[in-house]
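I opened my notebook beside this structure and looked things up one by one.

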Amino acid sequence: MRIGMGYDVHRLTENRKLILGGVEIPYEKGLLGHSDADVLVHAVMDALLGAAALGDIGKHFPDKDPKYLGADSMQLLEQVKRLLEQENYLIENIDATIIAQKPKLAAYIPTMVQNLAVVLGLKNSQVNVKATTEEGLGFTGSGEGISAQAVCLLMEAENYADFIGSREVYSYPPQKDETSPCQECRGCRHRQ
């Protein structure tokens, strides 16, 4: 098991769209950034990359690279998913919090959860998104910006069969019956 933590913050400014979790939120301001400045997705990406010891989003998607100017963060998240697959990691769950005084986000959270789950190939029950205010305190409380935090749990594919179901070790190739938890994922290191 590997645990990752991610954090991101962007300043609110006029003449920008406010995008959180891949959802465009109607609001008078948006987040300033090189990409679409989706703080939620950026925090999730940093948590995933950190858990896998693969650096951070600045390493993989530098804000000095014009290729990422205006980039859709959901597409960047898909690239992070591919990096995890290459390293044989499976995502167990993600828990994220958006910190914003305004706008109210509760109505948009189910769509954010769905967007993250679809891109990462997860069930909605493996993704949790919350929103809170800072009661008028700090830069988020004064409406200067929005931040997000995320944590995640990864499993190495080679250990996944040990983790779920019973504690028995299953070998490859999998048994084709209901007693084997093997789903023939792409990453099993026991494959020859």
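**Entry 1**

I began with the lining of the second largest pocket, whose residues divide into five nonpolar, six polar and two charged. Of the 13 lining residues, I found Ser35, His42, Ile57, Phe61 and Asp63 to be the closest to the pocket centre. At least two lining residues each come from β1 (2-13), α1 and α2 (57-60).

My note on terms: on a 1 Å grid over the protein atoms alone, a pocket is an open set of points where a 1.4 Å probe fits, with protein on both sides within 12 Å along at least five of seven lines, and lining residues have an atom within 4 Å of a point.

**Entry 2: ground rules**

This is a predicted model, where local features need pLDDT of at least 70 and side-chain atom pairs count only at pLDDT 80 or more, while totals for chains, interfaces and linings use all residues. Residues are numbered from 1 along each chain as its sequence is written, and side-chain values use heavy atoms, with hydrogens and water left out.

**Entry 3: the chain as a whole**

I counted six helices and seven strands in the chain. From the N terminus on, I read the order of elements as β-β-β-β-α-α-α-β-α-β-α-β-α. Helices (H or I, at least four residues) and strands (E, at least two) are DSSP runs, numbered from the N terminus.

Of the 192 residues, 43% count as buried. Buried means under 20% relative accessible area, exposed over 50%, and partly exposed in between (1.4 Å probe, protein chains only). I also looked at contacts with a separation of 6 or more: 68% of them join residues 24 or more positions apart. Contact means heavy atoms within 4.5 Å.

**Entry 4: the core**

Which residues have the most contacts inside the largest nonpolar core? I found Leu20, Leu48, Leu77, Ile98, Met112, Val129 and Leu154, in a core of 50 residues. The elements giving two or more residues to this core include α1 (39-51), α3 (73-86), β5 (89-99) and β7 (145-156). The largest share, ten residues, comes from α1. A nonpolar core is a set of buried Ala, Val, Leu, Ile, Met, Phe, Trp, Tyr and Cys residues joined through side-chain atoms within 4.5 Å.

I then followed Leu20: leaving out residues up to four places away in sequence, Leu20 touches Ile25, Leu31, Asp38, Val39, Leu40, Ile98, Leu105 and Met112.

Next I went to Ser147, in strand β7. Ser147 counts as buried because its relative accessible area is 4%. With residues up to four places away in sequence not counted, the residues Ser147 touches include Tyr7, Val39, Ile98 and Phe139.

**Entry 5: rings**

How many aromatic pairs does a search of the whole structure find? I noted one. Phe61 and Tyr68 form this pair, which is edge-to-face, at 5.4 Å centre to centre and 80° between the planes. Phe61 is buried because its relative accessibility is 10%. Tyr68 is buried too, with a relative accessible area of 10%. Rings of Phe, Tyr and Trp (its six-membered ring) pair if their centres lie within 6.5 Å; planes under 30 degrees apart count as stacked, over 60 as edge-to-face and the rest as tilted.

Most residues other than glycine have a negative phi, and most peptide bonds are trans. With that in mind, I looked for exceptions. Ala37 has a positive phi of about 60° and sits in the loop between β4 (30-31) and α1. Is Ala37 buried or exposed? At a relative accessible area of 0%, Ala37 is buried. Ala53 also has a positive phi, of about 55°, and lies in the loop between α1 and α2. Ala53 is exposed, with a relative accessible area of 58%.

The peptide bond from Lys102 to Pro103 is cis, with omega near -5°. I placed Pro103 in the loop between β5 and α4.

Methods. Nonpolar A, V, L, I, M, F, W, Y, C, P; charged D, E, K, R; others polar.
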